[in-house]
Amino acid sequence: MERMEIKLTVNGRKHTLYVSPDRTLLEVLREELNLIGTKKGCDDSNCGVCTVLMDGLAVKSCTILIPQANGHSITTIEGLEREDSLHPLQQSFIDHFAVQCGFCTPGMILTAKAILDENPMATEEDIREGLHGNICRCIGYKKVVESIEAVRDGEYKESCGEV
Amino acid sequence: MRFDKYFEPTTVEECCSILKEFGSDAKILAGGTDVVPRLKNKIWRPKAIVGISKLPDIDTIAVQKDHLVLGAGARLRKISLEKSLEKDYKVIMEAAGNVSSMQIRNVATIGGNACNASPSADAIQGLITMGAIAVITGPEGTREVAIEDFFTGPGTTVLNAGEFLLRFKVPAPKPGTGAIYKKFAIRGDTDISIVGVGCRLTLQKDGTIEEACISLAAVAPKPMRAIEAEKLLIGKKLTTELVEQVGEAAANSCSPITDQRATAEYRKEMIRVWTRHAVEEAEVRAKSKLNEN
């Protein structure tokens with residue numbers, strides 16, 4: 001099939017790619033740009049491990065055709081880390097033991113970022129509602145919610161800078 | 001997943017000519033949350049995919065004097081958070097906000113929810129409850145269809161080959177109107193509805209019901225109105241007995257199936273219960289509207 005030109009800004013870097021339009025954003029991120037922090041789980045938009053931010057909004061990259069992402073700005077888990085520190089959400093997930101096998105974690109953290117970016121005062125209910133589309137099958141959700149609440153409450157501002 | 005061509009028309013005319021050329025071999029892509037899984041699972045094997053996101057005003061959400069315009073490509077999450085809808089079109093926000101997860105609502109569209117024509121679809125319930133009109137365009141020109149006539153069965157609509165959905169027009173509610181959509185599912189929004197009930201009531205100043213609309217989801221081959229239940233309400237004031245009768249009538253009017261989510265008997269019982277809740281809460285909202293005016 002004929003390839004098409006796709007322009008993507010991923011984690012602040014501009015890319016021009018020539019890819020077949022029947023590929024998904026997830027495939028392009030993992031296979032063309034080698035950003036394998038974004039995981040492939042159900043590949044059917046149920047589990048949420050493939051969550052990335054598109055223009056700041058959380059989306060499931062496994063069900064986005066690459067032309068739909070053309071011209072948009074994408075943030076993956078690789079884009080959160082600072083030069084000398086982790087992102088507050090990453091550090092908080094570690095400190096609160098919100099990770100067991102870790103497969104759902106990149107998606108959880110990006111969804112968490114979308115929730116807090118939109119509403120820095122998100123309540124526990126808001127956080128749980130926002131996380132509905134992310135499924136974890138080992139650690140559960142309690143520690144995840146606690147990690148996000150800790151960042152919301154400003155516990156990581158000093159160590160990691162602004163959220 | 002494989003298709004031969006991807007198009008992104010920028011005018012309605014261009015879109016029509018592509019659809020005409022490919023006929024049933026073309027599929028429209030709006031948010032893609034239903035289309036892409038179907039392509040992946042090879043349920044659909046179209047030759048061409050037509051992305052409609054570049055069509056002019058396709059994602060419009062505009063409150064006008066006597067109606068609301070919702071472009072077919074308006075994102076569900078945007079609709080569910082749109083403050084300008086809060087006053088007159090709250091039920092449309094609620095129904096759109098009941099679809100799946102945040103990630104899906106960020107890309108899924110109201111037009112896609114309609115064209116997918118699932119009997120259990122939530123977002124369109126807001127449109128049915130408010131009596132929306134679908135604006136369809138195609139090779140023969142543009143036509144308008146009442147939303148409840150838009151669906152012909154599970155997954156099928158009145159759209160002919162070459163036609164596509166442009167937008168919805170939702171008439172502004174009369175004074176004293178309250179509407180609500182109640183979804184019943186085990187895991188909340190993320191889950192597919194076991195049943196859903198939408199209700200709109202218009203009250204006269206003394207509380208007599210002037211107009212009533214009850215819409216049911218996931219209990220028939222397509223979204224349906226509970227006409228018999230509506231008739232019971234007209235010209236009366238709401239009482240506990242009347243609410244019971246209306247719930248009963250709604251349950252008797254539907255024809256659910258048994259599937260992995262619930263049995264037919266359970267669904268009927270839940271229609272009785274949730275119709276009661278929906279009617280009572282719609283009346284509360286209608287009364288508060290009366291007091292506003």
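Domain bounds are taken from an automatic or database domain assignment. The model is predicted: local features need pLDDT of at least 70 and side-chain atom pairs count only at pLDDT 80 or more, while totals for chains, interfaces and linings use all residues. Residues are numbered from 1 along each chain as its sequence is written, and chains are lettered from A and ligands numbered from 1 in the order in which they are written.

**View 1. Domains 1 and 2 of chain B.** Chain B is divided into domain 1 (5-51), domain 2 (61-171) and domain 3 (177-292). The centres of domain 1 and domain 2 of chain B, taken over C-alpha atoms, are separated by 19 Å. Their contact takes 13 residues from domain 1 of chain B and 16 residues from domain 2 of chain B, where two residues are in contact if their C-beta atoms, placed from the backbone, lie within 7 Å. On the domain 1 side, helix α1 (residues 12-22) of chain B gives the largest share, 5 residues. Helices (H or I, at least four residues) and strands (E, at least two) are DSSP runs, numbered from the N terminus. By class, this side of domain 1 of chain B has 6 nonpolar, 5 polar and 2 charged residues. Ala, Val, Leu, Ile, Met, Phe, Trp, Tyr, Cys and Pro count as nonpolar, Asp, Glu, Lys and Arg as charged, and the others, Gly among them, as polar.

**View 2. An open sheet in chain B.** The sheet has 5 strands in the order β4-β5-β10-β6-β7 (chain B), with antiparallel pairing; two strands pair if DSSP finds at least two bridges between them. Because β4 (61-63) and β7 (141-146) of chain B stand at the edges with a single partner strand each, one side of each is left without a neighbour in the sheet.

**View 3. Strands β6 and β10 of chain B.** Strand β6 (residues 133-138) and strand β10 (residues 164-171) of chain B run antiparallel and are joined by 5 bridges. V135(B) has R167(B) in β10(B) as its bridge partner.

**View 4. Surroundings of L216(B).** Not counting residues up to four places away in sequence, L216(B) touches V197(B), M224(B), A226(B), A250(B), C254(B) and I271(B).

**View 5. The contact between chains A and B.** The contact takes 21 residues from chain A and 22 residues from chain B. On the chain A side, β4 (57-60) and α2 (66-69) each supply at least two residues. The largest share of this side, 4 residues, comes from β4(A). The residues of the side of chain A that touches chain B divide into 9 nonpolar, 8 polar and 4 charged.
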